[in-house]
Amino acid sequence: MKKSSIDFFVSEIIEVGVNTYQLRLFPSLEIPLNEIIPGQFVEVLVPDKSVFLRRPISVCDIDPDNGWLDLLIAPVGPGTRSICGVSVGDCLNIILPLGNGFDQECAGVRPLLVGGGVGTAPMLYFARKLSENRIQADILLGGRTQNHILLKKRFEAFGHLCITTDDGSLGEKGLVTAHSVWDDEHSACFVCGPTPMMKAVSAICEEKKLPCYVSLENKMACGIGACLCCVQDTKEHGNVCVCTDGPVFLSSEIKW
């Protein structure tokens, strides 16, 4: 899909976890949503005009048949608070699609998808696309409590869901790196979430000689590689822009 700036209408705003909201959006004109790749992101124009920069948000899910796109947003700053403060019927201007997403051909027959916090978002659309290709992934989600596990029922429709919580209120107690699903054989691992979590998962995959792909969440501004705000140091290519060269990278390439 060619990168475009499009107005989307808000049809639904749901609190899906602690301080986390799902926005369901419909485009104001017909666009090929099915061409968006899991792991790509969008840049949302903030309704509050005092906030100059757009906000980068991962594509959470897409239903091209019904024509909607879901975003998962935690209102942690003035920009995301303004976006989450919209009402049903309001319009958001969005630039999409941006970045390079997950390569489904690298998934193999039994991939493991790992998500934490709002890093859960791109894993849902990826799990949906894998399921459409008859690949049932193991999906590992982590959170502080059961109320921090996002979109549980929707994930269950697309793969084998595994959960860890810090307090043991749901799933296995502990971090995602300690879940028993790691005892199983997998063809590849895909992860998105807080940097310490991605680094720890990458270390496990390196030990297991398991290909691992990380979706980095570096701070971004322009989303098109012009401002160099999101630069990441890599082993072979030096500094690269996460917004244009990523956000998905092979974890072994990253200088953590």
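# Buried sites and overall fold

Me: In this predicted model, Cys 230 touches Asn 218, Lys 219, Met 220, Val 240, Cys 241, Val 242 and Cys 243, leaving aside residues up to four places away in sequence. What makes these residues count as contacts?

Reply: A contact requires heavy atoms within 4.5 Å, and each of the residues listed for Cys 230 is a contact in that sense. Cys 230 itself is found in the loop between β12 and β13.

Me: Why is Asp 70 given its class of accessibility, and where in the chain is its place?

Reply: Asp 70 has 0% relative accessibility, which is under the 20% limit, so Asp 70 counts as buried. Its place is in strand β5, which runs over residues 68-73. Not counting residues up to four places away in sequence, Asp 70 touches Gln 22, Leu 23, Arg 24, Val 59, Cys 60, Asp 61 and Arg 154.

Me: What makes the pairing of Asp 70 and Arg 154 a polar contact?

Reply: The side chains of Asp 70 and Arg 154 are joined at 2.9 Å, and a polar contact calls for N or O atoms within 3.5 Å, one able to donate a hydrogen and the other to accept it, so the pair qualifies.

Me: How do you know that helix α2 is mostly covered, and what covers its buried residues?

Reply: Of the 12 residues in α2 (residues 121-132), 10 are buried, among them Met 123, Leu 124, Tyr 125 and Phe 126. What covers the buried residues includes β4 (55-63), β5, β7 (111-116), β8 (137-143), α3 (152-156) and β11 (188-192). The helix is followed by Arg 134, whose phi is positive, near 65 degrees.

Me: Why is the protein chain called as compact as a globular protein of its length?

Reply: The chain has five helices and 15 strands. Its radius of gyration is 17 Å, close to the 18 Å that the globule rule gives for 256 residues, so the chain is as compact as a globular protein of that length. Of the 256 residues, 52% count as buried, and the C-alpha trace spans about 50 × 40 × 35 Å along its principal axes.

Me: Into which domains is the protein chain divided, and how do you know that domain 1 and domain 2 are in contact?

Reply: The division is into domain 1 (4-98) and domain 2 (104-215). The C-alpha centres of the two domains lie 23 Å apart, and 21 residues of domain 1 are in contact with 15 residues of domain 2.

Notes
Residues numbered from 1 in each chain as written. Predicted model: local features only at pLDDT ≥ 70, side-chain atom pairs only at ≥ 80, totals over all residues. Heavy atoms only, no water. Helix = DSSP H or I, 4+ residues; strand = E, 2+ residues; numbered from the N terminus. Buried < 20%, exposed > 50% of the residue type's maximum accessible area, 1.4 Å probe, protein only. Rg over C-alpha atoms; globule rule 2.2 N^0.38 Å. Domains from an automatic or database assignment.
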